Amino acid sequence: MMKNILPALVLGLSIVASQAYMAAPVHAEDAKAGRLNVRGSIVNYGGSSLKVKTREGETVDIALADDWKVSSVADAKVTDIKPGDFVGIASLPKDGGGDGALEVLIFPPALKGAGEGSYGWDLKPNSNMTNATVADAVKGVDGRTVTVSYHGKEKKISIPDGTPVVTFAPATQDDLVPSAVVFVPAEKAATGLVAHQLVVGKNGVVPPM
């Protein structure tokens with residue numbers, strides 16, 4: 001049984017991770033590309049549709065594609081971040097230079113390389129997403145600083161104590177209950193928003209991305 005479940009689980013998480021973190025930021029280019037990252041809480045779930053109250057206070061309907069997948073996130077620790085790990089870090093530029101992390105996703109080894117690069121992100125104004133390999137991780141007075149590499153480039157990002165650090169975990173349709181927090185990278189179609197994957201909060205851990 002486990003031999004059958006594990007490949008399906010890895011495939012499902014791969015789709016969620018690569019699509020979610022390869023999504024471009026919600027700026028002018030997104031309007032042209034027809035993408036929208038929806039963050040909010042579930043109002044109701046109807047099998048092929050999801051109604052979400054967004055963090056902006058708007059209620060939106062999202063159609064779920066025939067091949068849609070769902071994942072959750074589980075808590076991790078900043079000390080779990082090791083050289084060689086592939087991570088996705090949302091960050092903001094710091095006043096004194098460099099970047100400060102807003103959240104960190106530690107990818108499972110099977111997903112190394114998903115959406116590699118550094119680009120604008122819409123978690124907060126002026127934020128960026130960097131999907132990269134950890135070159136080193138140094139403990140400091142306040143949290144940890146990591147050097148990450150992608151496409152031959154390097155970037156230093158500080159991770160203050162208290163920064164959400166998560167990894168992907170399994171979820172099912174049964175987790176799509178009212179008030180559950182979701183992150184949905186959706187596409188804008190002629191009929192409205194359509195999603196092929198989503199990440200749902202579970203066991204008290206919400207998607208920080």
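Close-up 1. K202 is partly exposed at a relative accessible area of 25%, the class between buried (under 20% relative accessible area) and exposed (over 50%), using a 1.4 Å probe and protein chains only. This is a predicted model, where local features need pLDDT of at least 70 and side-chain atom pairs count only at pLDDT 80 or more, while totals for chains, interfaces and linings use all residues. Residues are numbered from 1 along each chain as its sequence is written, and side-chain values use heavy atoms, with hydrogens and water left out. D175 forms a salt bridge with K202, and the closest N and O atoms sit 3.5 Å apart. The two come from distant parts of the chain, 27 residues apart: D175 is in the loop between β10 and β11, K202 in the segment after β12 (192-200). D175 itself is buried, with 17% relative accessible area. For the record, a salt bridge here is a side-chain nitrogen of Lys or Arg within 4 Å of a carboxyl oxygen of Asp or Glu, and by that rule the count comes to five.

**Close-up 2. D61 reaching K51.** Here the closest N and O atoms of the D61–K51 salt bridge are 2.7 Å apart. This pair also links distant parts of the chain, with D61 in strand β3 (residues 59-75) and K51 in strand β2 (residues 49-54), ten residues apart. Strands (E, at least two residues) and helices (H or I, at least four) are DSSP runs numbered from the N terminus. K51 counts as partly exposed, at 23% relative accessibility.

**Close-up 3. R55 and E56.** The side chains of R55 and E56 meet in a salt bridge, 3.0 Å from N to O. E56 is exposed, with a relative accessible area of 60%, whereas R55 is partly exposed at 44%.

**Close-up 4. Strand β9 and its partners.** Strands count as paired if DSSP finds at least two bridges between them. Strand β8 (residues 144-150) runs antiparallel to β9 and is joined to it by seven bridges, with T147 standing opposite K156 in β9. The β8–β9 hairpin has two residues between its strands, and H151 in the turn has a positive phi of about 50 degrees. Strand β5 (residues 99-106) pairs with β9 (residues 153-159) in the parallel sense, over two bridges. G100 stands opposite S158 in β9.

**Close-up 5. T172 in its loop.** T172 lies between β10 (165-170) and β11 (181-189). T172 is partly exposed, at 42% relative accessible area. Its C-alpha atom is 8.6 Å from that of K69, a residue 103 positions away along the chain.
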